[in-house]
Amino acid sequence: NSGIVCLLRPLLLDVVPSIRQTAALALGRLADYDVDLAEAVVKAGILPQLIGALPEENRHYKKTAAFVLRAIAKHSPQLAQAIVQCGALEMLVICLEDFDPGVKEGASWAFGYIARHNPELSQAVVDAGAVPLLVLCIQEPEIALKRIAASTLSDISKHSPELAQTVVDAGAIAHLAQMILNPDAKLKRQVLSALSQIAKHSVDLAELVVEAEIFPVVLTCLKDSDEYVKKNGATLIREIAKHTPELSQLIVNSGGVAAVIDCIGSCRGTVRLPGIMTLGYVAAHSEDLSMAVIVSKGIPPLCVCLIEEHEDHIKAAAAWALGQIGRHTAEHARHVAVANVLPTLLDIYVDTRSSEDLKMKATLKNILQKCTYLPALEPLLHEAPLNIMKHIIGQFSKVLPHDSKARRLFVTTGGLKKVQEIKAEPGSLLQEYINTINNCYPEEIVR
Amino acid sequence: YFYVFRAIDEDRVIKYKAAVKIQRWFRACVVRAYLRRLSKMATLIQKWWRGYLRRKHFREIVEKAYFIKKLNFYNQMAVRIQKTWRGYYVRKNIHNFYALKKYLNAISVNNELVRSELQEYAEMKENEDKMKDLEKKEKEKKYQARKMHYLLSTEQIPGIYNSPFRKSPDPMELLLRKSKPLTHRKQQVKNPFAYQLYDWPTCKKPPAFVTELSLLPTDRQKPQGPFRDPAEVMWQRYKPLEPTLRVAESSNSPPAKARKEWRNPIHDNEFLPFSSYHKNDEKYEPLLRRSGKYGQEAYGTKYFREVCPEKWIADKDFETFFPSIAIFEKFGKTYSNTGQIV
């Protein structure tokens, strides 16, 4: 801050190469530490001097220069834009073509940080022709280089379908799919995240990813000892499952649902979230698939999630997933109700502290509208607020006229008494339901 | 007469009127009968005509009614067929209950399989990790034993791990007996351009090119001064090429990038002019096959056949029947041994 940048500037043009390299290293470390210093470095116009003679320099200088660019680009999109504007991308591409793995790693790390911020910068990186070189980098034997190249591809393809298509056209999917089997945990994290960013945009891209034969290998990633590998593997499965019923069918057929359920059971916290959403998406497509989820013992872990987790968004996701499972037919709703999760859902709904997206009214309504399992509905009758009560009474009014045993049970458990206590406006739906129920019983009992 | 003629006239008028009346009446009757006959005829004609018309249309009406009846019948039968077909089709293809049940059973079986395989995989990984840990510990212990080989017990003095009060020596003692003592590591000459991948990205260590100069070998003759100024040397060493006009490129020639090919060499190991500079890099690794506890076996260099007199059946070594190969006889005898005449 005390003019250090101005002092270092002439050293960058020094005769002795090691002085140049050390000066660049110093600048890089300064920029890495603080945003203001990075801005100072950019404002002092050092970048053109840094990258001016880059093709003729030796590999250490190239590494250092890439480090400086990376350190500046990571702070904000404006700084990354400044780097792009002074023509650094071509120099970085030249570094990517170098033979030394360290130089390639530095260059691809810099590309990754630039492409991370927004789609325009990613497009600039792609336009500079970096993607085929990155795909070549992935095939190199050094693990660190593979990691960085995979994370850069992931950052490029996450913004838009066209960018993802560009990455796919360079033939990245086959190599990424091969690297899923690699034992290194950090590499697996990056590879799975890259594949999920590619697959999330459209059905065609997801199908391309699936054709690379990742199932059932991906399921072994769900059993890895590293938490983030599990999370990224579950994210990949979720991005594939959400597009069409056929893809979800594929996942169910290869036993993916069981693996995801085990994964949910064994993790804690945000790591569970993609797995929960996967189950929700699979169950949402059709009733056969949701039956498959139920048969694979999917409901108990979801209930456990709902009860145990403290974070709002995880609870909301679990409630949503249960709603998708239970909304198809009476059978499904019965399975959900048997797991004794309706009172929990009602509590969450009624609780004034929970946020708006947690009050998944649609979930409760969907399940209740199909639920004909009366013993589960009984406890809800006593506590529910009025708009939920409407649905519960509706269900009772559908079932009671036909089933005599249920009628007897209804009276003995005090349900009929509760129904009488409800005051409804005459002519409303609620009143009609109450009348239907009252008509099932002889007059003396009603009074 | 007048009265008789008036009476006859009046009678005549009366009889005339009566005749007219009778005739009128009779004509009326005739006309009526005629009209009646006419109407009867008309009715007859109309009757026959209408019957004829109706009979003509009757066939058509009957056919139509028959057709409608047939159609209704067919419709009902068709409804019956469609009803059974639709039930069959839906139950077989769209919502096949038994196939669904089978499918769900297959899914649960497959899930069990997948779960067990994943469980096995997880256990295998855990085992591998444990094995790696164990091996690391073993290696540590062995290294420690090699370093502390002097703690081995001798004939006179029992070592630390071989206390006389114990029934049998400590496992460490056994390890010490087995281990070979550690040699001094030769002083490593660190190449100033040595390639360090894992430290580089985070730049935690200072780069080698700045702090480490190659350590000069200790038995070298010290160079005699006076020495030139290092900046001067560097300047001279890195002086850029200034070609004369004769070899200078024209301003129209392709730029410096075209010369990149020889400027960026394949590798960055610097060229060392004499092979003796490389001799510290190459460490001789002896063959494993011949190494024993105390050095290399002489088999393979000094002699090529083992001779065990105890195993001879007759008291002689075996004789070769074939003539020996001439070249092999000259082994070690072709050139003089450092000046001595063989």
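The legends below describe close-up views of a predicted model.

**View 1. Chain A as a whole, built from helices.** The secondary structure of chain A amounts to 32 helices and 0 strands. Chain A has 447 residues, of which 56% count as buried. If one takes the contacts in chain A between residues at least 6 apart in sequence, 70% of them join residues at least 24 apart.

**View 2. Helix α2 of chain A and its buried residues.** This helix covers residues 17–33, a run of 17 residues, and from its first C-alpha to its last it reaches 25 Å, which is close to the 24 Å expected at 1.5 Å a residue. The buried residues of α2(A) are Pro17(A), Arg20(A), Gln21(A), Ala23(A), Ala24(A), Leu25(A), Leu27(A), Gly28(A) and Ala31(A). An α-helix has 3.6 residues a turn, so residues three or four places apart point the same way.

**View 3. The packing of helices α25 and α26 in chain A.** Two packed helices are described by the angle between their axes and the distance between the axes. Helix α25(A), residues 342–350, packs against helix α26(A), residues 361–370, at an angle of about 145 degrees, and their axes lie 10 Å apart. Their crossing is left-handed. On the side of α25(A) the contact is made by Leu342(A), Leu345(A), Leu346(A) and Tyr349(A), while α26(A) contributes Lys361(A), Leu364(A) and Ile367(A). Of these contact residues, 6 are nonpolar, none is polar and 1 is charged.

**View 4. An annotated stretch of chain B.** An unreviewed UniProt entry gives residues 117–144 of chain B the annotation "coiled-coil region".

Terms used: Residues are numbered from 1 along each chain as its sequence is written. Chains are lettered from A and ligands numbered from 1 in the order in which they are written. This is a predicted model: local features need pLDDT of at least 70, side-chain atom pairs count only at pLDDT 80 or more; totals for chains, interfaces and linings use all residues. Side-chain values use heavy atoms; hydrogens and water are left out. Axes are lines fitted to C-alpha atoms, for helices over the stretch in contact, and angles run from 0 to 180 degrees between N-to-C directions. Helices (H or I, at least four residues) and strands (E, at least two) are DSSP runs, numbered from the N terminus. A crossing is left-handed if the near helix is turned anticlockwise from the far one by less than a right angle, and right-handed if clockwise. Contact means heavy atoms within 4.5 Å. Ala, Val, Leu, Ile, Met, Phe, Trp, Tyr, Cys and Pro count as nonpolar, Asp, Glu, Lys and Arg as charged, and the others, Gly among them, as polar. UniProt positions are given in the numbering used here, feature names are shortened, and annotations may be inferred rather than shown by experiment. The expected span of a helix is 1.5 Å times one less than its number of residues. Buried means under 20% relative accessible area, exposed over 50%, partly exposed in between (1.4 Å probe, protein chains only).
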